[in-house]
Amino acid sequence: MGYTIAEKLISSHLVSGEMIKGTEIGLKIDQTLTQDATGTMAYLQFEAMGIERVKTELSVAYIDHNTLQNGFENADDHRFIQTVAKKRGIRFSRPGNGICHQVHLERFGKPGKTLLGSDSHTPTGGGIGMLAMGAGGLDVAVAMGGGTYYITMPEIVKVNLTGKLNSWVAAKDIILKVLEILSVKGGVGKIIEYGGEGVATLSVPERATITNMGAELGATTSVFPSDDVTKSFLKAQGREEDWIELKADDDAVYDAVIDINLSELVPLAAMPHMPDNVKSVDEIGNIKIDQVCIGSCTNSSMLDMLKVAYILKGKKVAPNVSLSIAPGSKQVLTMLAQNCALADMIDAGARILESACGPCIGMGQSPNSKGISLRTFNRNFEGRSGTADAGIYLVSPEVAAVSAVTGVLTNPAKALPDMPEFKLPEHFLINDNMVEIPADADKAGEVEVIYGPNIKSVPLGKPLTDSIATQVMLKVGDNITTDHIMPAGAKILPYRSNVPHLSQFCFKQCDEDFAENCKKMGGGIIVGGQNYGQGSSREHAALVPLYLGIKAVVAKSFARLHKANLINSGIIPLTFKNVENYDRIDKFDKVTLKNVKDAIENDKDIILVNETKGEEYELAGGFSERQKNMLIYGGLLNYTGANK
């Protein structure tokens with residue numbers, strides 16, 4: 001029996017375990033990336049490990065999230081990351097060089113390699129045939145130190161693409177269709193692998209759009225073959241030597257197959273407030289819009305920008321619309337300026353933003369109250385834009401650009417003549433002058449790591465006790481995101497290196513008094529519904545509850561990344577054996593996790609006693625031996641320190 005692409009990538013990097021579905025495996029990591037919203041904490045954790053130099057083939061620190069410098073905090077974090085990178089052997093991508101995933105795809109990603117990033121959209125690298133996964137900063141820090149990255153061996157789902165996209169139908173519509181089919185939790189425990197004759201019709205940037213937004217499925221990652229299309233892209237980037245062919249064997253077996261005929265797709269949109277709330281643009285109708293934002297790691301490539309410029313050329317943005325455009329990298333921005341496409345955007349009335357994440361993480365460009373905003377981004381969670389009552393629709397750049405001109409949601413296939421052929425350049429502009437090379441190992445001792453006053457110590461978990469007697473501090477429903485737990489946005493992101501200050505914002509959207517109650521009552525447990533912790537890889541959604549005294553989360557089910565981050569932090573993630581018991585628990589119920597240390601250590605039933613109601617509920621852990629030890633020691637940092 002042959003191997004899938006994903007199985008080939010896993011088998012060539014397997015350090016421990018066997019490729020048996022549902023069991024834990026350990027993987028060697030070739031490359032890592034961080035961004036500044038999660039990177040500061042990752043490097044604080046790396047420093048705490050006491051390792052002199054990174055041991056990966058390549059590690060890159062990007063500055064692309066916290067670029068709005070309203071105060072000293074972000075600038076201090078950037079200086080800290082820059083000095084750590086120089087000392088520890090990490091390349092430093094300066095602010096203005098671009099969004100981590102776009103730049104990494106252009107300049108550093110290699111087919112056949114593993115990539116671990118402290119950002120949930122790291123699977124973008126799957127667009128060129130990498131096994132690219134998002135993780136918490138601590139997992140990335142361990143990987144930089146040469147440590148193994150552990151996942152549960154996933155199922156492999158093939159998305160079989162046939163046909164060819166029609167005029168003005170985009171790669172964004174493909175991934176929106178997959179989300180419509182599978183939902184935001186349908187990819188949990190799975191790798192999504194793309195194949196079929198339709199793959200050859202998609203450029204690398206289009207493939208990267210699809211793998212990027214595969215994070216919204218909850219998937220471990222997504223991957224495309226590395227073929228002649230990949231080779232042409234790398235050649236145009238001056239990196240042809242990085243190419244290898246990578247394809248599934250003819251007799252590879254998949255756990256499931258989804259067929260999508262590209263010729264049948266139409267322009268789609270994800271409606272508020274979830275990426276899988278998908279309808280066709282025609283079904284939604286010509287609703288009036290207030291804002292259009294084009295960019296993000298999902299849709300900011302040269303190809304996307306050329307299509308946007310073509311649509312806007314000679315036109316004017318509608319009076320009722322604010323249009324902002326953020327090219328994804330310095331490379332894209334410079335080439336747009338050189339070929340006059342940037343002038344076409346500006347002339348139409350677009351506001352050009354720096355090459356950074358910006359509005360996608362609530363860093364500026366919040367819509368007006370009750371505003372309707374079309375965005376080419378990957379997430380439309382409630383409040384993520386910075387405006388609590390805004391309606392955010394996720395669309396392709398083509399839909400976004402034509403709608404900015406008409407002032408209403410518009411199907412470009414009906415509003416424009418057939419799309420001309422857009423080709424990527426045969427040669428991209430290569431200028432890596434905004435990537436700083438680290439000091440040589442023999443000079444690293446001369447580099448001082450500079451800490452600003454906003455940078456605080458990493459909170460550490462406590463070793464597990466025999467039983468935990470506490471109370472329920474919060475009860476939430478299904479699909480709670482990391483944005484609910486630990487919001488982003490311009491007011492909050494500058495404090496990502498200051499957990500004590502950050503704690504006051506924890507769960508603010510769900511319970512105004514959560515942080516204060518935790519401080520008064522000494523913390524407790526959280527009760528959650530299905531897919532608890534979906535969304536970003538931000539480990540602050542675990543570190544901040546840890547700081548507030550949260551000892552366990554009991555949910556119907558967990559998102560993969562967040563569950564791993566909880567364990568890394570020493571917070572116990574548990575699931576109901578009988579999900580109906582979720583309805584039996586209320587906020588502030590007194591509860592006890594009986595003999596929990598012994599139960600975890602010896603794979604016994606875990607019992608939650610509801611002292612308030614006089615009831616007992618069976619819970620499941622399902623931890624590997626490594627995870628058990630981490631929980632017993634109080635988290636990965638404690639465990640690593642004790643087992644040096």
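The model described here is predicted. Helix α13 spans residues 397–406, and because 8 of its 10 residues are buried, it is largely enclosed by the rest of the structure. The buried positions of α13 are P397, E398, V399, A400, A401, V402, S403 and A404, and the helix is followed by G407, whose phi is positive, near 85 degrees.

## Nonpolar cores

The largest nonpolar core holds 101 residues, of which F507, F514, Y532, I572 and L593 touch the most other members. Helix α5 (residues 137–144) gives the most to this core, with 6 residues. Leaving aside residues up to four places away in sequence, F514 touches M473, L474, C506, F507, I526, L548 and I550. A second, separate core has 58 residues, and M302, L312, M345 and V402 are among them; V402 is also one of the buried residues of α13.

## Helices α18 and α19, and the place of S569

Helix α18 (residues 540–547) packs with α19 at an angle of about 40 degrees, the two axes lying 8 Å apart. Because roughly parallel pairs have angles under 35 degrees, that angle makes α18 oblique to α19. The crossing in which α18 passes α19 is right-handed. On the α18 side the contact is made by A541, A542, L543 and L546, and on the α19 side by H562, N565, L566 and S569; by class, these residues divide into 5 nonpolar, 3 polar and no charged.

S569 lies in helix α19, which covers residues 560–569. With a relative accessibility of 5%, S569 counts as buried. Apart from residues up to four places away in sequence, S569 touches A542, L543 and L546, together with G461, G634 and G635.

## Helix α21

In helix α21 (residues 625–633), the buried residues are R626, Q627, K628, M630, L631 and I632. The elements that cover these buried residues include β2 (24–27), β8 (149–152), α19, β24 (572–576), α20 (596–601) and α22 (636–642). Just after α21, G634 takes a positive phi of about 95 degrees, and G634 is also one of the residues that S569 touches.

## Two further helix pairs

Helix α6 (residues 171–182) and helix α7 (residues 204–213) pack at an angle of about 30 degrees, with 8 Å between their axes, and α6 and α7 are therefore roughly parallel to each other. In this pair, α6 passes α7 in a right-handed crossing. The contact is formed by A171, K172, I174, I175, L176 and L179 of α6 with E206, T209, I210 and M213 of α7, and its residues divide into 7 nonpolar, 1 polar and 2 charged.

Helix α11 (residues 330–338) and helix α12 (residues 341–348) have axes that come within 5 Å and cross at roughly 85 degrees, which makes α11 roughly perpendicular to α12. Their contact is made by L333, L336 and A337 of α11 and by A341, L342 and M345 of α12; by class it has 6 nonpolar, no polar and no charged residues. One of these contact residues, M345 of α12, is also included in the second core of 58 residues.

## Two loop residues

N66 is placed in the loop between β4 (58–62) and α3 (73–88). Because its relative accessible area is 1%, N66 is buried. Not counting residues up to four places away in sequence, N66 touches D36, A37, N74, H78, M363, L493 and P494.

Y451 lies in the loop between β20 (435–436) and β21 (468–475), and at 43% relative accessibility Y451 counts as partly exposed. Residues up to four places away in sequence being left out, Y451 touches L44, E47 and F80. Y451 and P420 are 31 residues apart in sequence, while their C-alpha atoms are 52 Å apart in space.

Technical notes:
Residues are numbered from 1 along each chain as its sequence is written. This is a predicted model: local features need pLDDT of at least 70, side-chain atom pairs count only at pLDDT 80 or more; totals for chains, interfaces and linings use all residues. Side-chain values use heavy atoms; hydrogens and water are left out. A nonpolar core is a set of buried Ala, Val, Leu, Ile, Met, Phe, Trp, Tyr and Cys residues joined through side-chain atoms within 4.5 Å. Buried means under 20% relative accessible area, exposed over 50%, partly exposed in between (1.4 Å probe, protein chains only). Helices (H or I, at least four residues) and strands (E, at least two) are DSSP runs, numbered from the N terminus. Contact means heavy atoms within 4.5 Å. Axes are lines fitted to C-alpha atoms, for helices over the stretch in contact, and angles run from 0 to 180 degrees between N-to-C directions. Angles under 35 degrees count as roughly parallel, over 145 as roughly antiparallel, 65 to 115 as roughly perpendicular and the rest as oblique. A crossing is left-handed if the near helix is turned anticlockwise from the far one by less than a right angle, and right-handed if clockwise. Ala, Val, Leu, Ile, Met, Phe, Trp, Tyr, Cys and Pro count as nonpolar, Asp, Glu, Lys and Arg as charged, and the others, Gly among them, as polar.
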